[in-house]
Amino acid sequence: MAVRTVACARFPERRVLPALAVVACLPMAISATAQGQAGQFARECALKETIVITLIEDHGAAEDVPAAQLSDAAMTMLRARSVCYEGREGEALALYESILELGPVASLGRQRP
């Protein structure tokens, strides 16, 4: 039985890291839900996370930031989420702010629907 690796032409390598970062978020979210963590996610953290997720996705679509930098931003977001769940909102908000240093999106090649 031969195993063959198939590369998708529509999924270039530069998009792999941001996609992996997003996929990495899923187990943490599922784990948090399943365990019913004692801490609550602060409203301020939720608002910042929404902004950060959108920024990371938009930079990924515009391809104006290196994939490694987007991957680091996604990992920082996960760390901020964990810190916020632990009740250290100030530290979490500082981590979210550090992600916003990616800056504005240069331009999107295509408009979102």
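## Overall make-up

The chain holds 4 helices and 0 strands, where helices (H or I, at least four residues) and strands (E, at least two) are DSSP runs numbered from the N terminus. Along the sequence this reads as α-α-α-α. The model is predicted, so local features need pLDDT of at least 70 and side-chain atom pairs count only at pLDDT 80 or more, while totals for chains, interfaces and linings use all residues. Residues are numbered from 1 along each chain as its sequence is written, and side-chain values use heavy atoms, with hydrogens and water left out.

Of the 113 residues in the chain, 29% are buried; here buried means under 20% relative accessible area, exposed means over 50%, and partly exposed lies in between (1.4 Å probe, protein chains only). Contact means heavy atoms within 4.5 Å. Among contacts in the chain with a separation of 6 or more, 77% join residues 24 or more positions apart.

## The buried face of H4

Helix H4 spans residues 89–99, and Ala92, Leu95, Tyr96 and Ile99 are buried in it. Viewed down the axis of H4, these buried residues fall within an arc of 100°, so they line one face of the helix; the arc is that of the directions from the helix axis to the C-beta atoms. What do they pack against? The buried residues of H4 pack against helix H2 (43–62) and helix H3 (67–85).

## H2 against H4

The axes of H2 and H4 come within 10 Å and cross at roughly 20°, which makes H2 roughly parallel to H4. Axes are lines fitted to C-alpha atoms, for helices over the stretch in contact, with angles running from 0 to 180 degrees between N-to-C directions. Angles under 35 degrees count as roughly parallel, over 145 as roughly antiparallel, 65 to 115 as roughly perpendicular and the rest as oblique.

H2 contributes Glu44, Cys45, Lys48, Glu49, Val52, Leu55 and Ile56 to the contact, and H4 contributes Glu89, Ala92, Leu93, Tyr96, Glu97 and Ile99. These residues divide into 8 nonpolar, no polar and 5 charged, where Ala, Val, Leu, Ile, Met, Phe, Trp, Tyr, Cys and Pro count as nonpolar, Asp, Glu, Lys and Arg as charged, and the others, Gly among them, as polar.

## H2 against H3

The axes of H2 and H3 come within 11 Å and cross at roughly 170°, so the two helices are roughly antiparallel to each other. On the H2 side the contact is made by Cys45, Glu49, Val52, Ile53, Ile56, His59 and Gly60, and on the H3 side by Leu70, Ala73, Ala74, Met77, Arg81 and Cys84. This contact divides into 9 nonpolar, 2 polar and 2 charged residues.

Between H2 and H3 there is a loop that holds Glu63. Phi of Glu63 is near 55°, a positive value in a residue other than glycine. Glu63 is partly exposed, with a relative accessible area of 32%.

## Two residues to look up

Pro104 is found in the segment after H4 and counts as exposed at 73% relative accessibility. Which residues does Pro104 touch, leaving aside its neighbours within four places in sequence? Pro104 is in contact with His59 and Asp64.

Tyr85, in helix H3, is partly exposed at a relative accessible area of 25%. Tyr85 and Ala42 are 43 residues apart in sequence and 7.7 Å apart in space, C-alpha to C-alpha.
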